[in-house]
Amino acid sequence: MNTDLFEIIRTTRSMRRLKPDPVPAALIRQILDAGIAAANGGNMQTWRFLVIRDPAIKAATAHWYRRAWHETVAPRYRAGAPAPGSTRDRFDRMLAAAEHLADHLHEAPVWIVPCLQGGTHTRTSGASIYPAVQNMLLAARALGLGATLTTLYLLFEKQTEAAMGLPEDAHSYAILPVGYPLGKFGPVGRTALQDVVFTDHWGQKWSDA
């Protein structure tokens with residue numbers, strides 16, 4: 001297990017190619033424990049985490065995920081420019097991995113579906129669930145497990161949440177497929193700080209001098 005926090009942060013790639021091998025329940029528990037250690041609004045802890053292993057539930061949900069990818073998301077990405085800081089070749093490899101996930105999502109041995117229950121879900125709601133998601137992604141990386149945050153299925157929100165059996169007062173915020181990765185962990189590709197960080201005034205370049 002890797003315990004260097006900053007190394008974990010720098011190498012927590014979206015791992016979209018996963019082995020179908022079972023993941024021990026003890027490791028999933030560690031990931032969930034990391035999730036509920038996260039900050040959340042007022043410490044109300046309205047989060048709920050659905051762990052899905054059932055092949056039938058995954059297959060029913062993955063049907064809609066594939067439609068979202070092939071009909072809407074993939075054409076949009078392929079028609080656009082590469083992501084900032086990426087080459088066309090590197091971006092195409094990322095799209096290939098995303099397509100692999102779309103076609104094989106149901107084969108990931110474990111899904112964790114982070115949800116919020118009750119209340120009105122607004123722009124600020126994510127502040128009470130996405131910190132938990134990031135904790136879980138980092139915990140998975142520390143344990144040598146691959147995972148990614150994906151929300152494509154929300155293009156068919158009603159159908160997918162029904163397939164997952166969520167009650168009307170619960171809303172999901174992502175699917176985290178978890179499994180042993182087929183690829184290797186490595187540095188994430190991001191733009192330089194000076195391109196995205198400003199000092200005091202919007203557009204004024206940041207400097208750590």
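**Figure 1. Q45 and N43 in the loop between α2 and β1 of a predicted model**. Q45 has a relative accessible area of 36% and therefore counts as partly exposed. The terms are set as follows: a residue is buried under 20% relative accessible area, exposed over 50%, and partly exposed in between, as computed with a 1.4 Å probe on protein chains only. Q45 lies in the loop between α2 and β1. Although Q45 is not a glycine, its phi is positive, at about 50°. N43 is also placed in the loop between α2 and β1. Its phi is near 55°, a positive value in a residue other than glycine. With a relative accessibility of 48%, N43 is classed as partly exposed. Helices (H or I, at least four residues) and strands (E, at least two) are DSSP runs, and they are numbered from the N terminus.

*Note on the model.* Residues are numbered from 1 along each chain as its sequence is written, and side-chain values use heavy atoms, with hydrogens and water left out. The model is predicted, so local features need a pLDDT of at least 70 and side-chain atom pairs count only at pLDDT 80 or more, whereas totals for chains, interfaces and linings use all residues.

**Figure 2. The buried and exposed sides of helix α2**. Helix α2 comprises residues 25–35, and within it L27, I28, I31 and G35 are buried. These four residues cover an arc of only 100° around the axis, which puts them on the same side of α2. The arc is that of the directions from the helix axis to the C-beta atoms. On the other side of α2, the residues A25, A26 and R29 are exposed. The elements that cover the buried residues of α2 include the strands β1 (47–52), β2 (110–117) and β5 (176–179), together with helix α5 (130–142). Such covering rests on contact, that is, heavy atoms within 4.5 Å.

**Figure 3. The packing of helices α3 and α4**. Two packed helices are described by the angle between their axes and the distance between the axes. Helix α3 (residues 55–79) packs with helix α4 (residues 88–104) at an angle of about 170°, and their axes are 10 Å apart. Axes are lines fitted to C-alpha atoms, for helices over the stretch in contact, and the angles between N-to-C directions run from 0 to 180 degrees. The two helices α3 and α4 are therefore roughly antiparallel to each other. By convention, angles under 35 degrees count as roughly parallel, over 145 as roughly antiparallel, 65 to 115 as roughly perpendicular, and the rest as oblique. From α3, the residues Y65, R66, W69, H70, Y77 and R78 meet R88, F91, L95, A98, E99, L101, A102 and D103 of α4. The residues of this contact of α3 with α4 divide into eight nonpolar, one polar and five charged. Here Ala, Val, Leu, Ile, Met, Phe, Trp, Tyr, Cys and Pro count as nonpolar, Asp, Glu, Lys and Arg as charged, and the others, Gly among them, as polar.

Figure 4. The structure holds six salt bridges; the term denotes a side-chain nitrogen of Lys or Arg within 4 Å of a carboxyl oxygen of Asp or Glu. R67 is partly exposed, at 31% relative accessible area, and E71 is partly exposed, at 48%.

Figure 5. As D92 and R88 are four residues apart in helix α4, about one helical turn separates them. D92 is partly exposed, with a relative accessible area of 36%, and R88 is partly exposed at 34%. D89 and R93 are four residues apart in helix α4, which means a separation of about one helical turn. D89 is partly exposed, with a relative accessible area of 49%.

**Figure 6. The loop residues G85 and A127**. G85 lies in the loop between α3 and α4, where it is exposed, with a relative accessible area of 70%. Its C-alpha atom is separated by 25 Å from that of H70, 15 residues apart along the chain. A127 belongs to the loop between β2 and α5 and counts as exposed at 52% relative accessibility. Not counting residues up to four places away in sequence, A127 touches A39 and N40. The C-alpha atoms of A127 and G146, 19 residues apart along the chain, are separated by 24 Å.
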